[in-house]
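Try each task before reading its solution.

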Amino acid sequence: VFLVLEDQFGVGDFVDLGPATGTVEEVTLRITRVRDMSGVVWYVRNGEIIRIGNQSQNWARTVLDVAVTHAADLTLVKAVLQDVAHDLWDDEEYQGVVIEEPEVWGVESITPDGVTMRVTLKTAPLEQWRVAREMRARIKSRFDHEGIEMPQRPQAARPEEIAGTEPPA
């Protein structure tokens with residue numbers, strides 16, 4: 001009862017209850033029914049709910065970590081990410097979806113594979129995944145246009161590709 005009275009979650013909210021994450025379909029005195037992204041229905045006893053993460057309240061955040069090669073010009077990468085994010089924010093289709101000016105936080109990590117830059121966008125609840133998908137598509141397109149390379153995993157050479165060797169018979 002306190003779960004509903006305290007507005008911790010309600011029907012239609014997307015929640016993480018620990019053992020189950022998904023959309024709340026029903027709340028009774030004993031059980032909360034949640035359907036996950038795969039369509040599985042979970043029945044969670046209200047008395048066993050220890051924590052609740054509600055992704056439907058107020059706002060959400062898209063956090064994208066974008067990897068580039070070590071050779072990339074990080075000033076250019078940051079400018080491109082800011083430009084792409086700002087274009088999405090200005091896009092009429094995303095008015096009210098992206099609710100604050102996007103931010104490029106900068107270098108998140110440096111690994112042997114490359115440099116990771118972080119960009120964030122504050123969104124309406126449950127819109128963070130849609131915004132992330134659109135941002136990834138726009139970033140990929142813009143990086144291709146600008147010649148900014150993303151790290152590539154090394155491929156093992158096949159024996160026939162190695163000069164002077166013959167493939168096994």
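**Exercise 1.** Find which residues touch the most other members of the largest nonpolar core.

*Solution.* Start from the definition: a nonpolar core is a set of buried Ala, Val, Leu, Ile, Met, Phe, Trp, Tyr and Cys residues joined through side-chain atoms within 4.5 Å, where buried means under 20% relative accessible area (1.4 Å probe, protein chains only). In this predicted model, the largest such core has 24 residues, and V77, L81, L121, V131, M135, I139 and F143 touch the most other members.

Finally, look beyond it: another core of 8 residues lies apart, with A20, V34, V44 and I49 among them.

**Exercise 2.** List the residues that L81 touches, leaving out those up to four places away in sequence.

*Solution.* Take contact as heavy atoms within 4.5 Å. L81 then touches V66, V104, M117, I139 and F143.

**Exercise 3.** Decide how far to trust each element, using pLDDT (the predictor's confidence in each residue, from 0 to 100).

*Solution.* First take the chain: its average is 90, and 89% of the residues score at least 70. Where pLDDT is low, the predicted coordinates should not be read in detail.

**Conventions.** Residues are numbered from 1 along each chain as its sequence is written. Local features need pLDDT of at least 70, side-chain atom pairs count only at pLDDT 80 or more, and totals for chains, interfaces and linings use all residues, while side-chain values use heavy atoms, with hydrogens and water left out.

How values were computed
Buried means under 20% relative accessible area, exposed over 50%, partly exposed in between (1.4 Å probe, protein chains only).
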